[in-house]
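Thank you all for making time for this. I would like to walk you through one structure, looking at its charged pairs, its helix packing and a few individual residues.

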Amino acid sequence: MMRREFMQLAAATPLLFSMNPARSSRAPGDHWRSFELTYTVDLAAQKNNGQLWLPLPEDAGDYQRVISVAWGAAPEHAAMTWDADYRAPMFAARLAPTDTARQLVVTTTVATRNRSRAPASRHPLTPEIARYLEPTANMPVDGIVATTSAQIVRGITDPDARAQAIYNWVVDNTFRKPTVRGCGLGNIKFMLETGDLGGKCADINSLFVGLARAAGLPAREMYGVRVAESALFKTLGRAGDISKAHHCRAEYFSPRHGWVAVDPADVRKVVLEEKLPLNDPRVVALRERLFGYWEMNWVGLNTARDFELAPPAREPLPYLMYPYAEFGDTRLDGREPDQFDFKLTSHELTHHG
């Protein structure tokens, strides 16, 4: 991208470029780390008209800031866009058979720091937050979801205690199923009706979110990707080639603490991949820590669920965490990178004090 084009993009998107992470204030805690994430996409095999969408990071709370977005040679109709509902940022490119730029490179630079639960204060419920009580196509909050949630939180009135009870139930009753494609779909009604509570992060953490919403707690997934090694467990990190390192997390809204990070799916991931029982002291400690904490060796992309891309695809997607493209009747789904010639890499740039 030429400098002039980049500056126009920056001016049009001030939230993405306004904060220098090194200057952000916060109670004593973790340092900022900066990462360069690079998509390399080869669409030379696709000769028809088509459309490509790449999810991009977004600013989030006081723990993630996007510093820059840039790309090199690209089709004429390539731009940074946002969906109309969730404002999920994405790179979108429309390709015609005459376009010669069919190898695209899109780079983002983002800074993160570990996220802990905020000190107790007063956090009012706004309309923007209350929307995360609503059902979506794959996440109903009535029927078996409501019945299960009511059983879990029966007799519990405190919002944070309700969230803790749901978190514990999800950790105790789900399991990671390695045969699930990508991160799963998060069809929680199907999971509960069949009794098959196995899945991956988009299944397990979506189950937490749906049960929380049914219990009157605003909650949402955040879709993202691991970008560095973990200080907690080897299996919770990835660096370099992160094309298969996507990971969905969850959070709920507390009237005391605001948005609170949780990740029951990573507890189940450690149980399976580290071959540890749920009552192992290391798993017990991780389980306690991941209620209210995200290790930010991970970059969040968006919280969009069952939504229309921008520009629209042929039908809504359950989420946008992977690259996605349509060429005629051919769909390229990043959940199957062996069938979609793309690569996503992470390179850590520096630590900020």
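Predicted model: local features only at pLDDT ≥ 70, side-chain atom pairs only at ≥ 80, totals over all residues.

**Salt bridges, helix packing and selected residues**

Let me begin with Arg181, which at 38% relative accessibility counts as partly exposed, where buried means under 20% relative accessible area, exposed means over 50%, and partly exposed covers what lies in between, using a 1.4 Å probe and protein chains only. Residues are numbered from 1 along each chain as its sequence is written, and side-chain values use heavy atoms, with hydrogens and water left out.

Which residue pairs with Arg181 in a salt bridge? The partner is Asp333, with the closest N and O atoms 3.8 Å apart; the term salt bridge is used here for a side-chain nitrogen of Lys or Arg within 4 Å of a carboxyl oxygen of Asp or Glu. Because Asp333 lies in strand 17 (residues 330-333) and Arg181 in the loop between strand 8 (175-176) and helix 6 (188-194), this pair ties together parts that are 152 residues apart in sequence. Helices (H or I, at least four residues) and strands (E, at least two) are DSSP runs, numbered from the N terminus. A search of the whole structure finds 20 salt bridges, and I will take two others in turn.

In one of them, Arg220 is joined to Glu251, the closest N and O atoms being 2.6 Å apart. Arg220 belongs to strand 10 (residues 219-226) and Glu251 to strand 12 (residues 246-254), so the pair ties together parts that are 31 residues apart in sequence. Both Arg220 and Glu251 are buried.

The other is formed by the side chains of Arg305 and Glu221, at 2.7 Å from N to O.

Thr136 is buried, with a relative accessible area of 14%. Leaving aside its neighbours within four places in sequence, Thr136 is in contact with Tyr86, Arg213, Arg305 and Asp306, contact meaning heavy atoms within 4.5 Å. The side chains of Thr136 and Asp306 are also joined by a polar contact of 2.5 Å, that is, a pair of N or O atoms within 3.5 Å, where within protein one must be able to donate a hydrogen and the other to accept it, and residues adjacent in sequence count only if both atoms are side-chain atoms.

Arg305 is also among the residues touched by Leu185, a list that includes Ala202, Asp203 and Tyr319, not counting residues up to four places away in sequence. Leu185 is found in the loop between strand 8 and helix 6, and at 40% relative accessibility it counts as partly exposed. Within helix 6 we find Lys189, which is partly exposed, with a relative accessible area of 40%. Lys189 touches Pro140 and Ile144, again not counting residues up to four places away in sequence.

Now to the helix packing. How do helix 4 and helix 7 pack? Their angle is about 80°, with their axes 8 Å apart, where axes are lines fitted to C-alpha atoms, for helices over the stretch in contact, and angles run from 0 to 180 degrees between N-to-C directions. Helix 4 and helix 7 are therefore roughly perpendicular to each other, given that angles under 35 degrees count as roughly parallel, over 145 as roughly antiparallel, 65 to 115 as roughly perpendicular and the rest as oblique. Among the residues that meet are Val145 and Ile152 in helix 4, and Leu211 in helix 7.

Helix 7 (residues 201-214) also packs against helix 8 (residues 264-273), at an angle of about 135° with their axes 8 Å apart, and these two helices are therefore oblique to each other. Here Cys201, Ile204, Asn205 and Phe208 in helix 7 meet Pro264, Ala265 and Arg268 in helix 8. Eight of the ten residues of helix 8 are buried, so helix 8 is largely enclosed by the rest of the structure. Finally, helix 8 is followed by Lys275, whose phi is positive, near 55°.
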